[in-house]
Amino acid sequence: MTEQQPHRFERGTDGPKVIVAGLDGSDSSMRAAAYAAGLARRQHAVLALVYVQPILPAGAALGVPVGDTTGEVADSLVAEIQEATERFRDAWDVRWEFHTFRGNPYNGLVTAADELKADAVVVGASESAGHRFIGSVAVRLVKAGRWPVTVVP
């Protein structure tokens, strides 16, 4: 007769290791990034902040420097994140990375989550009225069912 061993819980090995947060500069995406930063801090996970650079061929065909504009948005987001990180350095320590992907927001976040091996995805709730009819990025990510998705209002 063998004696049963008590169940052992492995502290420090459970929970997400990479949390992806989608950023687009909107207030809800910034709240989502702050929420994801708190999760990453508590879980000792890497926070991967992702900006999906839109591809706008129609604007480019008209001579509008679309790449420069969306690149400036990414640069602005990085500067804002670095400033916030410095401001709260003593309050919390989070390991974070910033990534830029190209495409539409849904496909860009899916690609980012796959390539970065995300354990969770955090996005802001849509602020666009049109998404009630065609579906928001958040709803589409939830329906994909590939990662736990948190939608921050």
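Helices (H or I, at least four residues) and strands (E, at least two) are DSSP runs here, numbered from the N terminus.

I then listed the neighbours of Val-50, leaving out residues up to four places away in sequence: Val-20, Ala-21, Gly-22, Leu-23, His-99, Phe-101, Leu-109, Ala-112 and Leu-116. A contact in these notes means heavy atoms within 4.5 Å.

**Conventions**

I count residues from 1 along each chain as its sequence is written, and side-chain values use heavy atoms, with hydrogens and water left out. Because the model is predicted, local features need pLDDT of at least 70 and side-chain atom pairs count only at pLDDT 80 or more, while totals for chains, interfaces and linings use all residues.

**Helix α4**

I looked next at α4, where Tyr-106, Gly-108, Leu-109, Val-110, Ala-112 and Ala-113 are buried; buried means under 20% relative accessible area, exposed over 50%, and partly exposed in between (1.4 Å probe, protein chains only). The buried residues of this helix pack against β1, β2, β3 (95–102), β4 and α6. At its N-terminal end I found Asn-104 as a cap, with a side-chain oxygen 3.1 Å from the backbone nitrogen of Tyr-106. Just after the helix, Lys-117 takes a positive phi of about 55°.

**Polar pairs**

I looked up Ser-26 in the loop between β1 and α1 (27–43) and noted that Ser-26 is buried, at a relative accessible area of 18%. Its side chain is joined to that of Asp-24 by a polar contact of 2.7 Å. Such a contact is a pair of N or O atoms within 3.5 Å; within protein, one must be able to donate a hydrogen and the other to accept it, and residues adjacent in sequence count only if both atoms are side-chain atoms.

I found 1 salt bridge in the structure, the term meaning a side-chain nitrogen of Lys or Arg within 4 Å of a carboxyl oxygen of Asp or Glu. The pair is Arg-146 and Asp-114, at 2.4 Å from N to O. It links distant parts of the chain, 32 residues apart, with Arg-146 in the loop between α6 and β5 (149–152) and Asp-114 in helix α4. I recorded both as partly exposed, Arg-146 with a relative accessible area of 46% and Asp-114 with 37%.

**Whole chain**

Of the 153 residues in the protein chain, 35% are buried. Among contacts between residues at least 6 apart in sequence, I noted that 77% join residues at least 24 apart.
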